Structure formats: structure tokens, C-alpha cells
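Here is a briefing on one predicted model. Look at the structure first, then read the points by topic.

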Amino acid sequence: MKKKKKFPFETQKTLELLSAISDPVKLKIAKILSCHREVKAGDIAKEFDVSRTTISHHLNRMRMLNLVSSRKDGKEIYYSVDKGLIVETLKEVVKFLES
């Protein structure tokens, strides 16, 4: 019987991040943000055929996972993506699979 492998990362956090970026809407949001330094929430919402409230929900979930950060300027909220976190998460998974 093979010895059980230990996860080299925080399993729950990694699973949450993978779940977030596997969602088509969140993945598209990440792609939009990765093409720009930062984007207004309203401009992100314009790229989808869902309500602005739905996009806001996705952005908040991504912010809770530190995938995106936000800053407020007057009434506008600007978002940016942490590409490094996504890359590092995927590297950890690949490293685990190759071990």
C-alpha cells in the first residue's frame, strides 16, 4: 500500500481558490482584470449578460479569497487581480501532482 501524500499547501484555501477560478464568470472577471491595472465595477458588469448585483457578488467572493483587491474613489469601486496568487496556487497543485 502506498504511503498517503500530505498536501503541501492549505488544502481548504487551495480548494476554494481553485473553485473560484473554475467558475466561468469569475474566470472571465480575472481575465478582464488581468488585461488592465484596475477596472471599475460597472465596466466589468458591462461585459456580462447577468445583473450588476450578480457581478458584485462574484467580485466580493473573489475579494474575500484575496484574488482581487478593491479601492473606492468617490462612488466608484475599482478592482485589480492578484495574478501571482492564481499562478502560485496552480504551481502548488502541479507540484503536488508531480510528487
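**Helix H2**

In helix H2 (residues 24-34), the buried residues are Lys 26, Ile 29, Ala 30, Ile 32 and Leu 33. They line one face of the helix, because they fall within an arc of 160 degrees seen down the axis of H2. The arc is taken from the directions that run from the helix axis to the C-beta atoms. Buried means under 20% relative accessible area, exposed over 50% and partly exposed in between, with a 1.4 Å probe and protein chains only.

- The exposed residues Pro 24 and Lys 31 sit on the face of H2 turned away from its buried side.
- Asp 23 caps the N-terminal end of H2. One of its side-chain oxygens lies 2.9 Å from the backbone nitrogen of Val 25.

**Basis of the model**

- The model is predicted: local features need pLDDT of at least 70, side-chain atom pairs count only at pLDDT 80 or more, and totals for chains, interfaces and linings use all residues. Residues are numbered from 1 along each chain as its sequence is written, and side-chain values use heavy atoms, with hydrogens and water left out.

**Overall chain**

- The protein chain holds five helices and three strands. Both are DSSP runs numbered from the N terminus: helices are H or I with at least four residues, strands E with at least two.
- Along the sequence the pattern is α-α-β-α-α-β-β-α.
- Of the 99 residues, 31% count as buried.

**H1 against H5**

- Helix H1 (residues 11-22) and helix H5 (residues 83-98) pack at about 115 degrees, with axes 10 Å apart. Axes are lines fitted to C-alpha atoms, for helices over the stretch in contact, and angles run from 0 to 180 degrees between N-to-C directions.
- From H1, Thr 14, Leu 17, Leu 18 and Ile 21 meet Leu 85, Ile 86, Thr 89, Leu 90, Glu 92 and Val 93 of H5. Contact means heavy atoms within 4.5 Å.

- Val 68 belongs to strand S2 (residues 68-73). Val 68 is buried, at 4% relative accessible area.
- Val 68 and Val 81 are 13 residues apart in sequence, yet 4.3 Å apart in space, C-alpha to C-alpha.
- Beyond its neighbours within four places in sequence, Val 68 contacts Leu 33, Leu 59, Met 62, Arg 63, Tyr 79, Ser 80 and Val 81.
- Ser 80 lies in strand S3 (residues 76-81). Ser 80 is buried, at 19%.
- With neighbours within four places again left aside, the contacts of Ser 80 include Leu 33, Arg 37 and Glu 38.

Note on methods: A polar contact is a pair of N or O atoms within 3.5 Å; within protein, one must be able to donate a hydrogen and the other to accept it, and residues adjacent in sequence count only if both atoms are side-chain atoms.
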